[in-house]
Amino acid sequence: MVTVPARQGLEAVDILRRGAGDGVGPVLHDGGCDTLGFVVPPGTAAAWDMPGSTCTETDGRGLSLDAHPERPVDGSGWLLPPGEADLATDPAVLRAALGEAARLIRAADGCR
């Protein structure tokens with residue numbers, strides 16, 4: 001799972017949902033809505049190096065993502081639940097969307 005600050009994550013979700021055929025997988029938010037977690041394919045953590053984000057390795061355990069998933073962490077909730085989204089977000093597509101989101105946020109903050 002790739003975890004990012006909520007503001008950047010929400011921008012990235014919008015970017016991914018507008019993309020031409022590039023889907024977004026399940027997205028989890030924490031209870032305080034401070035961070036978003038994107039479900040990514042196994043093995044992503046080994047090569048993930050995007051500043052401002054973390055990628056958690058599951059050691060093959062992973063999350064069970066059935067049609068009516070339980071919240072994997074108390075106090076969290078699904079922004080995009082499994083069954084309403086692709087199985088996982090492609091790491092390269094997510095990296096591009098997070099980069100674009102960061103640029104949009106910097107531009108918006110610079111206009112104040």
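Visitor: What makes the 5 strands an open sheet with an order?

Guide: In this predicted model, the strands line up as E4-E1-E3-E2-E5, with antiparallel pairing. Strand E4 (54-55) and strand E5 (77-80) stand at the edges. Each has a single partner strand, so one side of each is left without a neighbour in the sheet.

Visitor: How do you know that E1 and E4 pair?

Guide: Count the bridges. Two strands pair if there are at least two bridges between them. E1 and E4 have 2 bridges, in the antiparallel sense. They therefore meet the cut-off of at least two.

Visitor: In what order do the elements of the chain run?

Guide: From the N terminus on, the run is β-α-β-β-β-β-α. That comes to 2 helices and 5 strands.

Visitor: How do you know that the span of H1 is close to the expected one?

Guide: Set the two values side by side. H1 has 13 residues and reaches 18 Å from its first C-alpha to its last. The span expected at 1.5 Å a residue is 18 Å. Helix H2 (residues 91-110) has 20 residues and reaches 28 Å, close to the 28 Å expected.

Visitor: What caps the N-terminal end of H2?

Guide: Asp90 does. A side-chain oxygen of Asp90 lies 2.9 Å from the backbone nitrogen of Ala92. The cut-off for a polar contact is 3.5 Å.

Visitor: Why is Ile15 called buried?

Guide: Compare the value with the cut-off. Buried means under 20% relative accessible area. Ile15 has 11% relative accessibility, so Ile15 counts as buried. Ile15 sits in helix H1. Other buried residues of H1 include Ala6, Gln8 and Gly9.

Visitor: What covers the buried residues of H1?

Guide: The cover includes E1, E2, E3, E5 and H2. Ile15 touches Ala97, Glu100, Ala101 and Leu104, not counting residues up to four places away in sequence. Ile15 and Ala97 are 82 residues apart along the chain, yet their C-alpha atoms are separated by 6.1 Å.

Visitor: Which residues of H2 are buried, and what do they pack against?

Guide: The buried residues are Leu94, Ala97, Leu98, Gly99, Ala101 and Ile105. They pack against strand E1 (2-5), helix H1 (6-18) and strand E3 (35-38).

Visitor: Why does Thr44 count as buried?

Guide: Thr44 is in the loop between E3 and E4. Its relative accessibility is 9%. The cut-off is under 20%, so Thr44 counts as buried. Leaving aside neighbours within four places in sequence, Thr44 is in contact with Cys55 and Pro91.

Visitor: How many residues does the chain have, and what share is buried?

Guide: The chain has 112 residues, and buried residues make up 35% of them. The chain exposes about 6,600 Å², with 53% of it supplied by carbon and sulfur atoms.

Methods. Residues are numbered from 1 along each chain as its sequence is written. This is a predicted model: local features need pLDDT of at least 70, side-chain atom pairs count only at pLDDT 80 or more; totals for chains, interfaces and linings use all residues. Side-chain values use heavy atoms; hydrogens and water are left out. Helices (H or I, at least four residues) and strands (E, at least two) are DSSP runs, numbered from the N terminus. Buried means under 20% relative accessible area, exposed over 50%, partly exposed in between (1.4 Å probe, protein chains only). Accessible areas come from the Shrake-Rupley method with a 1.4 Å probe; for residues, only the protein chains shown count as cover. The expected span of a helix is 1.5 Å times one less than its number of residues. Contact means heavy atoms within 4.5 Å. A polar contact is a pair of N or O atoms within 3.5 Å; within protein, one must be able to donate a hydrogen and the other to accept it, and residues adjacent in sequence count only if both atoms are side-chain atoms.
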